[in-house]
Amino acid sequence: MNRFCERCQRVTVDGNLWCPEVDCPAEEGFPVLSYGDYLGDLKITKVLRVWRTAALYEARRGEQSVLLKVAHENEDSEERLKRESLVLESLRDRDRLPFKKYRPTPRTLLPVLLPPYPVPGKRPYGEISFRGETKFYSVFQRAEGKFLSDLLLENPQMWHYDAAWITIALSEALRPLASQNRAHLCLTPDMVLVDKDSEGYLRPMLLDLGLLVAGEEIQSIYSWPKMIDPAHSAPELQDGARLKAVSPAADSYALGILFYEMLAGKPAFENKLRRDDQIRAAVSQYRGTLPVGRPELEFAGVVKAVDKAIATTGRYNNVVEFGSALTAISGRIPPEKRPLPRRTYVLAITMGILLLVTGAIAAYVVIQILLRPG
């Protein structure tokens, strides 16, 4: 398998990474699958993103193009993928409404889970042996768009309404976690896929649910400090040795940092080619406010909302509170007009033909009765 460095974006084919930069953590790169590799009936066609817990691929199952998430080869990452699959399955089951297949298909804020095997199974995630190693994976419906990190390279300082609406949508995507007092802890621009609708509005999808932990559950994940990006993590998470419990307020910080990056046009804390310990020190020692550099947002209250989200104390309790505060300022993104499914048109045409035929028969019967002698 190749190895991938999330900092340098370099891939090597011999399992060894080397970089002339002194601080590059290249040797800690993650194993990745290559084009043409097969996991069962799934053929890898492209590496999309490599995170600290899993890699996301574009793959093909027969003629169908899908998204494939494969956990890294450690117990914590594998358990995290299993928990995420179970949560996504429960959300999917909750959303089964009568006649739903005849309504416009709503755009989802989270990936749509597909069966891991071509035949029905008991588990929402897959397990397979690949070159002597066990791989755990999830399969999702293919989604369109660009990663937020790529979008920010093209347009570093995003229109503040787009930035607010993306943040509000992500707060809604994280609502199921916040409602259970669970925390994501891994939110980064590389985990957000942004599509543009027919009217030009940006529609995000959160591709990963993070660590999914509540309270002291964080202590059961041995390698959790290596699984989160310190540049997008709350100050209280920087000292893993002392942390005993986590709060959903940590996700408010991460979402606030993401919002700040969209507004300011630069990361709050630079993380490229820097070791985790250097980034942790920078985040832990920073006690001031981060300048957004956009005076037009001061009066609107946007900067105040950012400051509260990323404050050391007095932060929003969870992402839902943060999203509500932004909604009060920017409003909600205009609703999207989605096309009706083809089956709805077929049903309408069929019903129309039946009504016409029934009406014609009824008219014929009435006319015959009226024309009957005497």
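Arg203 and Asp197 are both buried. In this predicted model, the two residues form a salt bridge with each other, their closest N and O atoms lying 2.8 Å apart. Salt bridges with shared partners join this pair to Arg107, Asp195 and Glu336 in one network. The relative accessibility of Asp195 is 18%, and because the limit for a buried residue is under 20%, Asp195 counts as buried. Arg107, at 28% relative accessibility, counts as partly exposed. The count of salt bridges comes to 25.

Another salt bridge is formed by Lys146 and Glu154, with 2.8 Å between the closest N and O atoms. Here Lys146 is partly exposed, at 39% relative accessibility, whereas Glu154 is exposed, with a relative accessible area of 52%.

Three strands form an open sheet in the order S11-S12-S13, and their pairing is antiparallel. Strand S11 (146-147) and strand S13 (202-206) are the edge strands, each pairing on one side only. Between S11 and strand S12 (residues 192-196), the antiparallel pairing extends over two bridges, and Phe147 stands opposite Leu193 in S12. Helix H3 (residues 160-173) lies across S12 and S13 and runs at about 30 degrees to S13.

Asp76 is buried, and the nearest side chain of opposite charge, that of Arg83, is 7.0 Å away. A salt bridge requires a nitrogen–oxygen distance within 4 Å, and Asp76 has none. Leaving aside residues up to four places away in sequence, Asp76 touches Ser220, Ile221, Tyr222, Ser223 and Met227.

In helix H8 (residues 302-309), the buried residues are Val302, Val303, Ala305, Val306 and Ala309. These residues lie on the same side of H8 because they cover an arc of only 160 degrees around the axis. Helix H6 (249-264) and helix H9 (319-330) are included in what covers the buried residues of H8.

Note on methods: Residues numbered from 1 in each chain as written. Predicted model: local features only at pLDDT ≥ 70, side-chain atom pairs only at ≥ 80, totals over all residues. Heavy atoms only, no water. Buried < 20%, exposed > 50% of the residue type's maximum accessible area, 1.4 Å probe, protein only. Helix = DSSP H or I, 4+ residues; strand = E, 2+ residues; numbered from the N terminus. Arc of directions from axis to C-beta. Contact = heavy atoms within 4.5 Å. Lys, Arg positive; Asp, Glu negative; His and termini not counted. Pairing = 2+ DSSP bridges. Axes fitted to C-alpha atoms, helices over the stretch in contact; angles between N-to-C directions.
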